[in-house]
Amino acid sequence: MGAIPKGLLGAVILFWGYQTRLLPLAIPLALLLEVANFSRIRWDFTTSDFQRLWNGCLVLLLSAVVFSVGYSRTLLEASAGSTPADRTWNETMPLATRWALLFFQWQPLVFAPFVLAVAYGRQASIPSTVFAWLTRRQTRLPAASRLPEPPRQIAVAPLYFALVLVAASTTNRRGWVFFSGIVVLTAWALWSLRSQRLSRPAWIAVFGLATLLGFGGHLGLNALQRMLVGLEANWLQRFAQSRVDALESRTSIGSIGRLKLSGKIVLRVNATNDMPPDLLREASYDTFNYSSWTVGGSNRKASLDWKPVSAEQSMSAWRVVPEGSVSERANVRIARFLRGGSGLLPLPLGTTRIENLPAGMLSKNNFGGIQVKDASSLISFNAYYALQSTSDRAADDDRDLAIPANERAIIEQLAAQLRLAEKAQEQPKEAMRAVYSYFRNRFRYTTYQEAAPSKLPEMTPLGNFLTVTRAGHCEYFATATTLLLRAAGLKTRYAVGYSVQESAGNGNYLVRERHAHAWCMVWLKDSQSWTDFDTTPPSWNQLEADNASSWEPMTDFGSRLWFEYAQWKAGRSELSKYAVYGLSGLFGVFVLRVFSKTKRGIKDRSTKAAHLRVQRLGEDSEFFLIEKLLQRRGLVRSRDETAQAWIERILPHLGSQAQSLPSILRLHYRLRFDPNGLTESERRALKEQVEAWLKPTRM
């Protein structure tokens, strides 16, 4: 394998396999490469063979890009191990970082076919024409049009060693094993290249000092990174925004004109049972003031009382309520985009646990809101839910029964008219049925609001809705229902989120921006839990659909393409996996074909075998006669010096013989490295020029 100690390449591959948790792949690769140092079997690969192998590796390299981007999540789960630290680091890292690390981790396998060909071939160094497209074209040009510089020889083994070492450094396993392995492997590689002017103890001391300085720099960079990450998080938090605020919901109650909501798809829902949940809640509130619902109390932020949600096994499974406290009835899969990787989750009432949601943190508040932080831009998770509410705080007598002073007269008058208090005493659900029937039979849904009549200047927008227009959108119905039931003595809250209503077939549902919805939540004494109560007339679904744009099918198609692309980027698409498997299989067939069609021989020191090998590599070039003569004169060529560099260095010492030597060297290089070799006339010319150059020295 060239200028690299035996055993080193196998050791670094095993180290890479241990670091990336790919030992099942690393062990056979290491054995194959090390066996080449002792095996006598060799293949006679030509430069063209190496070029084809290199082209195949580039195809595999492109596949690695697709693989790391499109299937990164699966690879990380398979290689990250089961410790919480490993999973946290892998699942919460930025997507671009995840792709880059996976791409580099698999590089040793990408270029393994080429390195194996070099290991079992007859050449330790490969002409640069194998790797560079421009230099390949030079070999196909007429001799007069070629560049004068001969192709350089490139040692493959040292480059592959460096590549494997970099790939082993792309994981999060930063313990003593990693640092010790890096030090030992680096020392092993440099030992044979150390300066002979320096004694062994001195070299070891210098290397040890460099190791200590490197370790100190590593610790310092880690500390600096942690500081910068903390500053970045604090800075970005100031600018993070969400469509829904857990503290306040500003409604469109009182707005004049048409409420416009687009048909943009914001959620994709997949139901595991026959029907999905009707409503997906993001937040709820208990205090109404003119046109806004807020979280009440003297300290609104303290009233939310955010608490972390416990993670199970990894940072992608979350337990919202203690296991066994309630019985789950179903689960639903929800996909959505997040701005900045943070926001409130739309969830069915009674959510007990969430799975397949990699994130830095999940937290819940007293009003049933669940917030995610440090997640990817696209999240797709499973929410398991029960029949009753789980994470909401119990009802409060003060705020969950409060009616604003400016709404009290109309609300109490209408409640008395409907005899809600009497019905609530008999059975709370009777009062709920009365309110539902009242709105369904006497009100209509509309997204357009006219100005209140001038003769009613003191009437609030909600009062105008209840007594004059009797028409409005969901925010009117939800607010009125919440306050009317409070007048009946029932504790209620106002909730916002989305309605799930548009089927896309096979258990899939689309939730659009116009499906944003508001409804009432009622506290049931018997079960000591909250339940959803929606009094908006069912016709609102059809009215919103009728107002959809005629361009919606086209925008839906574009949205689907973008969603699939995001799925692919997030590593949840199966298409890239199958594509890579197919490409890998084709490349494997290609490699086997190259090996099977190449002549195979036995590495032997016999005269015949040596003669065949010399003839193949052009080592019968007459230029070597000149080289031997010049070395006897004291013009010695260094081990790491090319013939071109050597000749350029010694030309001033050759006098009149220097003039013809560059021409001889060009022919020699073509004989050695050009896959097309020399023509018969050019071969005779090389021999004649060398004889002419040697003639003065023999006289």
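Two strands are taken to pair if DSSP finds at least two bridges between them. Helices (H or I, at least four residues) and strands (E, at least two) are DSSP runs, numbered from the N terminus. The structure is a predicted model, in which local features need pLDDT of at least 70 and side-chain atom pairs count only at pLDDT 80 or more, whereas totals for chains, interfaces and linings use all residues. Residues are numbered from 1 along each chain as its sequence is written, and side-chain values use heavy atoms, with hydrogens and water left out.

The secondary structure of the protein chain amounts to 26 helices and 27 strands. Of its 699 residues, 47% are buried, where buried means under 20% relative accessible area, exposed over 50%, and partly exposed in between (1.4 Å probe, protein chains only). The chain has an accessible surface of about 36300 Å², and carbon and sulfur atoms hold 57% of this surface; accessible areas come from the Shrake-Rupley method with a 1.4 Å probe, and for residues only the protein chains shown count as cover. Among contacts (heavy atoms within 4.5 Å) with a separation of 6 or more, 77% are between residues 24 or more positions apart.

Confidence is expressed as pLDDT, the predictor's confidence in each residue, from 0 to 100. The mean pLDDT of the protein chain is 77, and 74% of its residues reach 70 or more. Over residues 73-92 the pLDDT is below 50, and this stretch has 40 contacts in the model beyond near neighbours in sequence. The pLDDT is also below 50 over residues 604-616, a stretch with nine such contacts. Where pLDDT is low, the predicted coordinates should not be read in detail.

Strand 25 (residues 516-524) is mostly covered, with nine of its nine residues buried. Ala 516, Ala 518, Cys 520, Val 522 and Leu 524 point one way from this strand, while His 517, Trp 519, Met 521 and Trp 523 point the other way. In a regular strand the side chains alternate between the two faces of the sheet. Strand 25 pairs with strand 22 (residues 492-499) in the antiparallel sense over seven bridges, and the bridge partner of Gly 497 in strand 25 is His 517. Five bridges join strand 25 to strand 26 (residues 529-533), and these two strands run antiparallel. Within strand 26, Asp 532 is the bridge partner of Met 521. The hairpin of strand 25 and strand 26 has four residues between the strands, and Gln 528 takes a positive phi near 50° in this hairpin.

A separate element of the description is an open sheet of four strands, in the order 10-16-17-14 with antiparallel pairing. Its edge strands, strand 10 (307-308) and strand 14 (343-344), each pair on one side only. Strand 14 is joined to strand 17 (residues 370-373) in the antiparallel sense by two bridges, with Gly 343 opposite Val 372 in strand 17.

Leu 378 is placed in strand 18 (residues 378-386). This residue counts as buried because its relative accessibility is 3%. The C-alpha atoms of Leu 378 and Phe 337 are separated by 4.4 Å, although the two residues are 41 residues apart along the chain.

On the surface, Leu 14, Tyr 18, Leu 23, Ile 27 and Leu 31 form a nonpolar patch with about 410 Å² of accessible area together. Helix 1 (8-20) and helix 2 (23-35) each supply at least two residues of the patch, and helix 2 gives the largest share, three residues. Patches are made of residues with over 30% relative accessible area and no salt bridge, with like charges joined within 9 Å and nonpolar side chains (Val, Leu, Ile, Met, Phe, Trp, Tyr) within 5 Å. A salt bridge is a side-chain nitrogen of Lys or Arg within 4 Å of a carboxyl oxygen of Asp or Glu. Leu 14 lies in helix 1 and is partly exposed, with a relative accessible area of 36%.
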